[in-house]
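Here is a brisk report on one chain.

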Amino acid sequence: MAALQRRLAAFAAARHWQPYHTPKNLVAALSVEASELVEIFQWLTPEESARVMADPGTAHRVRDEVADVLAYLLQLCEVLGIDPLAALAAKIDRNEERFPAPDGP
């Protein structure tokens with residue numbers, strides 16, 4: 001994860017994009033990319049959405065949008081000093097306490 005964040009930072013630095021990578025701009029870009037991912041699934045039935053990766057063209061689009069979402073999320077974490085894996089682990093811990101698994105089968 002850290003290596004990917006460094007690679008993204010180097011990519012942006014080589015293009016002098018750092019002034020534009022503010023939290024506000026990164027969150028906006030993240031939202032746009034997430035919306036582009038939603039667009040792929042928007043009118044699919046649940047069954048069609050479960051098979052979306054079977055079509056090579058659609059699968060390519062899904063992978064690209066997932067990559068864009070993850071890239072902006074990692075850049076946001078870098079700018080804000082958030083360890084994304086630690087944040088996720090802490091959130092899972094809180095959710096396990098808030099929503100305990102039912103007893104038995």
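Angles between axes under 35 degrees count as roughly parallel, over 145 as roughly antiparallel, 65 to 115 as roughly perpendicular, and the rest as oblique. Axes are lines fitted to C-alpha atoms, for helices over the stretch in contact, and angles run from 0 to 180 degrees between N-to-C directions. Helices are DSSP runs (H or I, at least four residues), numbered from the N terminus.

This is a predicted model: local features need pLDDT of at least 70, side-chain atom pairs count only at pLDDT 80 or more, and totals for chains, interfaces and linings use all residues. Residues are numbered from 1 along each chain as its sequence is written, and side-chain values use heavy atoms, with hydrogens and water left out.

**Helix packing**

Helix H2 spans residues 23-41 and helix H4 residues 56-80. Their axes lie 9 Å apart, at an angle of about 160°. H2 and H4 are therefore roughly antiparallel. The crossing of H2 past H4 is left-handed, meaning that the near helix is turned anticlockwise from the far one by less than a right angle. The contact of H2 with H4 has 17 nonpolar, 2 polar and 5 charged residues. Here Ala, Val, Leu, Ile, Met, Phe, Trp, Tyr, Cys and Pro count as nonpolar, Asp, Glu, Lys and Arg as charged, and the others, Gly among them, as polar.

**Helix H5**

At the start of H5, a side-chain oxygen of Asp 83 comes to within 3.0 Å of the backbone nitrogen of Leu 85.

**Single residues**

Relative accessible area sorts residues into buried (under 20%), exposed (over 50%) and partly exposed (in between), using a 1.4 Å probe and protein chains only. Val 79 sits in H4, and its 41% makes it partly exposed. Ala 67 also lies in H4; at 43% it is partly exposed. His 16 belongs to the loop between helix H1 (2-14) and H2. His 16 is exposed at 59%, and its phi is near 60°, a positive value in a residue other than glycine. Ala 54, in the loop between helix H3 (46-50) and H4, is exposed at 64%.

The table lists C-alpha separations.

| Pair | Apart in sequence | C-alpha distance |
|---|---|---|
| Val 79 and Leu 26 | 53 residues | 9.1 Å |
| Ala 67 and Glu 33 | 34 residues | 9.2 Å |
| Ala 54 and Gln 18 | 36 residues | 38 Å |

Note on methods. Helices (H or I, at least four residues) and strands (E, at least two) are DSSP runs, numbered from the N terminus. A polar contact is a pair of N or O atoms within 3.5 Å; within protein, one must be able to donate a hydrogen and the other to accept it, and residues adjacent in sequence count only if both atoms are side-chain atoms.
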